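Dear colleague,

Please read the notes alongside the coordinates.

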Amino acid sequence: MLRPIRTLAAAAAALALVSACNSASTNGSSPDKPGGGSGNARGVTADSIKVGGIVSMTSASGYSKKDTDLGARARYLRANAEGGINGRRIDYLGAQDDGQDPAKNLAAARKLVQQDKVFAVSPMSSVTFSGADFLEQEKVPTFGWGTLPSFCGPKHIYGFNGCLVPTPGGTLNQTWPEGIGQILGGARGKSVAIIANDSDAGKFGIRTFQQGFASAGFKVSYAKASVPGTAVPSDWSAYVKEILSSNDGKAPDAVVSVMQTPNNIGLFTALKRSGYQGLISDPTDYDPGLLAKDATKQALDGVHVLLQFQPFESTDPKMTQFKADIKAAAAGQEVPLNMHMLTGYMSADLFVSIAQKAGKDLTVESFQSAAQGFSDTGTLVGDRAEPKGQKDSFGCGALVQLKNGAYEVSVPFKCYEPIPFK
């Protein structure tokens with residue numbers, strides 16, 4: 001069993017102890033070498049593998065991905081209960097908090113490698129990944145949600161559902177436009193407005209989704225990365241006015257936000273107050289915890305949320321296993337599920353699955369060799385394959401809609417044929 005878990009008395013304690021876990025170390029850890037023979041790889045001993053994470057636990061806007069850590073912890077707990085990875089226990093140190101700060105992200109990566117001497121970083125979940133070049137240079141297998149360009153191309157960095165922001169020559173996941181088209185009764189003749197933050201990630205998101213929606217048959221009437229990325233606007237009227245007149249002076253059939261929850265709440269509230277009756281969608285707000293406040297619940301009511309994994313409402317046996325694992329990691333308590341938990345869980349799951357294939361002689365070289373021919377099917381993110389996932393997404397997803405205070409599946413989980421990215 002993981003060291004930090006033994007002291008948990010409740011789920012709250014599990015989350016409170018994350019910081020303390022970050023500085024934990026294993027007695028008799030191996031030399032700081034990324035490869036080599038058995039027992040000579042950084043973070044690998046005869047009976048343990050040291051792993052750490054980097055997660056935006058806090059942020060200036062108040063947005064938090066802290067439950068990503070609980071999800072990873074849950075998967076590692078089960079792996080250890082089943083005998084570990086080829087007989088080695090996973091020594092999970094918990095996640096460093098980067099505060100969505102590029103400098104802190106790089107500092108966290110350096111600490112995990114140079115001080116804690118981890119074999120792998122899993123999960124890595126943040127809107128900034130300035131530590132990517134360092135981790136790649138140090139040959140540290142790293143796993144997270146492939147929503148950033150850093151997950152697309154480097155040899156040692158893996159998205160749990162593939163590369164979602166491809167470079168030219170790669171492909172685009174069509175779950176979002178195909179799903180919205182299905183809800184609207186077809187994309188042909190329908191218009192969509194896409195809005196994002198004024199950041200590198202936001203601009204890239206606009207570029208990719210503009211192409212994806214157009215390829216699905218939509219008229220893209222508006223596509224701008226215009227919302228400040230450093231602070232949530234207090235007045236959304238200018239954005240709403242521009243969006244609602246973007247379709248030849250009329251409102252678009254759908255408004256798609258490529259932003260995080262605080263921005264979405266402000267934008268969606270303003271759209272509804274303006275009388276907008278069209279479809280609203282985002283890829284972020286699948287979190288029962290958001291429904292605790294009436295204003296938030298009202299802002300998100302009716303919104304269709306893009307998922308790139310099986311919905312929690314699914315009856316798939318693997319979802320049943322996920323729920324049981326989360327409950328075990330939360331000291332037996334029922335906790336509200338959210339997408340951050342699954343992000344951490346599936347990041348850990350992909351690492352565990354590849355490491356198992358690498359065999360008893362675990363080194364970076366043997367791990368990378370195993371990854372090059374890795375594939376499996378029927379996971380919570382669909383069929384997985386490497387190195388395909390370092391260039392393309394796995395192409396699967398679903399949409400859920402918040403209705404009357406509960407999420408319902410509006411488009412079931414399905415894998416779509418990706419399109420070439422230009």
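Strand β1 (residues 48-55) pairs with β2 in the parallel sense, over seven bridges; strands here are DSSP runs of E with at least two residues, helices are runs of H or I with at least four, both numbered from the N terminus, and two strands count as paired if DSSP finds at least two bridges between them. Within this pair, Val-55 has Asp-97 of β2 as its bridge partner.

The model is a predicted one, in which local features need pLDDT of at least 70 and side-chain atom pairs count only at pLDDT 80 or more, while totals for chains, interfaces and linings use all residues. Residues are numbered from 1 along each chain as its sequence is written, and side-chain values use heavy atoms, with hydrogens and water left out.

The β1-β2 pair belongs to an open sheet of five strands with parallel pairing, ordered β2-β1-β3-β4-β5. Its edges are formed by β2 (89-97) and β5 (157-159), each of which pairs on one side only, and the twist from one strand to the next averages 20 degrees, where axes are lines fitted to C-alpha atoms (for helices over the stretch in contact) and angles between N-to-C directions run from 0 to 180 degrees. Helix α12 (residues 339-358) packs on this sheet and touches β1, β2, β3 (120-125), β4 (142-144) and β5, with a direction at about 155 degrees to that of β3; contact means heavy atoms within 4.5 Å.

Strand β14 (residues 396-403) pairs with β15 in the antiparallel sense over seven bridges, and Lys-403 stands opposite Ala-406 of β15.

Finally, helix α3 (residues 67-81) has 15 residues and should span 21 Å at 1.5 Å a residue, which agrees with the 21 Å between its end C-alpha atoms; the expected span is 1.5 Å times one less than the number of residues. Of the 15 residues of α3, 14 are buried, meaning under 20% relative accessible area with a 1.4 Å probe and protein chains only. After α3 comes Gly-83, with a positive phi near 110 degrees.

Best regards

Key: Buried means under 20% relative accessible area, exposed over 50%, partly exposed in between (1.4 Å probe, protein chains only).
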